[in-house]
Amino acid sequence: MEIYTRQERLHSLHGSSRLCEKEPETTGHQSNEDENDTPSSNLSQAEFTRSKKIEGQKKFSRLGWKRLVILLIVEAIALGSLSLPKAFMTLGMVGGVICSVGIGLIATYASSEVGAVKLKHPQVEHYGDIGRLMLGETGFWIVTVVFIFQLLLSVGSHCLTGIIALADITRSDICNVVFGIASALIMLILAIPPTFADIAFLGYIDVVSIFTAIGITVIATGVQSSQQQITSPQSQWSAWPPEDTDFASAMVAINNIVFAYSFAPAIPSFVSEMHTPADFPKAIYALGVIEIVIYTLIGALVYSFVGMNVQSPALLSAGPLLSRIAFGVALPVIFISGSINTNIVARYIHSYLYRDSVLRYVNTKKGWVTWCFLVTVLTLVSWVVAEAIPVFSLLLSISASLFNSGLCFYIPSIMWLVLVREGSCFSRENICRTICNGIVFVFGIIVLGAGLYGTVVDLVSQP
């Protein structure tokens with residue numbers, strides 16, 4: 001680095017004699033400490049810290065909008081897509097399509113408002129910082145706690161899916177706790193890289209994995225459906241909800257769709273690592289279109305092929321053999337998406353704890369130790385969640401109603417009102433956004449109240 005070169009030249013020209021007098025010749029092995037972690041004797045601690053800070057800032061500013069699309073796909077189009085066919089069965093084909101498209105549009109708009117806050121207030125690095133802007137330290141801690149719990153539930157759901165996948169693949173008598181530990185260890189290892197740019201390459205593997213697994217499921221269920229039509233021509237799917245569908249079941253289904261579109265909390269963290277933050281809308285709108293198309297097709301096709309016997313996760317509906325193949329192909333998305341969520345919450349906590357220290361950049365020995373310890377603790381907590389709530393759809397529903405309703409819907413609408421809006425809500429420039437954010441706010445409150453009620457009722461009724 002240039003700063004080292006200048007310092008060495010300075011000492012070689014002016015201080016060589018003085019150094020020889022003060023430093024007697026020694027023998028033996030020199031220190032093997034990594035020069036990247038320990039400042040040399042000729043470099044002051046202040047200059048070392050400054051160089052590490054510059055290095056860290058460059059390290060955490062390498063994300064472009066195209067890579068951001070991949071990261072958002074990995075973070076969003078994962079487990080949520082696996083619960084949609086069951087939601088379509090509960091809501092009926094018409095209700096499922098309307099909810100999938102409608103909630104997708106609402107979520108995409110709300111996420112764009114979260115990004116708008118980041119652009120207007122560049123000091124925002126994570127979602128909790130927005131809470132501080134709105135309500136001071138109290139707001140910061142409220143949003144921080146909700147944000148962390150939401151992501152931990154999401155990681156827990158990935159761990160639970162890993163348990164289901166490994167159990168289905170092996171068809172063995174091994175205790176599910178062993179599969180849970182294996183899933184947690186894999187996600188722990190994948191979550192170690194500290195920057196989103198470093199783990200973006202895993203996103204390409206993740207995208208291929210999820211789309212291949214979904215393709216296998218859709219094709220397998222379609223073939224099974226065509227074979228069944230020969231012997232039983234009557235279709236098993238319905239345009240309307242089954243007669244025995246109650247309010248609680250319908251809200252759990254809607255909550256599962258809400259969970260599938262819940263990518264807004266990660267946006268400030270992702271945009272903070274972009275080299276051109278103004279490009280974030282491209283990534284959000286691209287993801288919104290991709291999600292709406294993929295989710296609607298997955299939910300409608302698998303439900304129409306399988307009918308009332310559709311399961312959650314949807315890969316279980318592919319049949320005994322093909323479900324094992326589909327789960328095998330889906331293992332990367334299960335573990336990579338879970339590890340990225342771990343990474344997001346770990347970055348959130350680590351950057352806050354060491355906000356005034358070079359350790360936040362994870363480019364020193366102590367920085368790596370603190371980072372790895374934090375990732376381990378978060379993974380352990382998520383594993384406990386997976387073991388405590390072993391029902392996939394209910395775990396997603398709890399996360400959606402309690403946390404995603406606020407982080408993805410009614411809080412972003414308040415953000416626009418308090419932090420982004422300029423002028424009257426009813427001015428010509430603001431009236432359209434006022435209406436849109438009003439719709440987003442009302443929807444979020446409905447998911448919070450009615451969704452939580454439905455989840456609790458359904459959870460209590462579980463055997």
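Tyr410 counts as buried in this predicted model, because its relative accessibility of 18% falls under the 20% limit. Phe441 has a relative accessible area of 34% and is therefore partly exposed. The two residues are set side by side below.

A search of the whole structure returns 10 aromatic pairs. In one of them, the rings of Tyr410 and Phe441 lie 6.3 Å apart, centre to centre, with 80 degrees between the planes. This geometry is edge-to-face. Elsewhere, ring pairs connect Tyr127, Phe147 and Tyr348 into a cluster.

The other topic is a helix packing. Helix α6 (residues 127-170) packs against helix α7 (residues 176-190) with the axes 8 Å apart and at an angle of about 125 degrees. The two helices are therefore oblique to each other, and α6 passes α7 in a right-handed crossing. On the α6 side, the contact is made by Val155, His158, Cys159, Gly162, Ile163, Leu166, Ala167 and Thr170. From α7 come Asn176, Phe179, Gly180, Ala182, Ser183, Ala184 and Met187. By class, nine residues of this contact are nonpolar and six are polar, with no charged residues.

Definitions and conventions:
Residues are numbered from 1 along each chain as its sequence is written. This is a predicted model: local features need pLDDT of at least 70, side-chain atom pairs count only at pLDDT 80 or more; totals for chains, interfaces and linings use all residues. Side-chain values use heavy atoms; hydrogens and water are left out. Axes are lines fitted to C-alpha atoms, for helices over the stretch in contact, and angles run from 0 to 180 degrees between N-to-C directions. Helices (H or I, at least four residues) and strands (E, at least two) are DSSP runs, numbered from the N terminus. Angles under 35 degrees count as roughly parallel, over 145 as roughly antiparallel, 65 to 115 as roughly perpendicular and the rest as oblique. A crossing is left-handed if the near helix is turned anticlockwise from the far one by less than a right angle, and right-handed if clockwise. Contact means heavy atoms within 4.5 Å. Ala, Val, Leu, Ile, Met, Phe, Trp, Tyr, Cys and Pro count as nonpolar, Asp, Glu, Lys and Arg as charged, and the others, Gly among them, as polar. Rings of Phe, Tyr and Trp (its six-membered ring) pair if their centres lie within 6.5 Å; planes under 30 degrees apart count as stacked, over 60 as edge-to-face and the rest as tilted. Buried means under 20% relative accessible area, exposed over 50%, partly exposed in between (1.4 Å probe, protein chains only).
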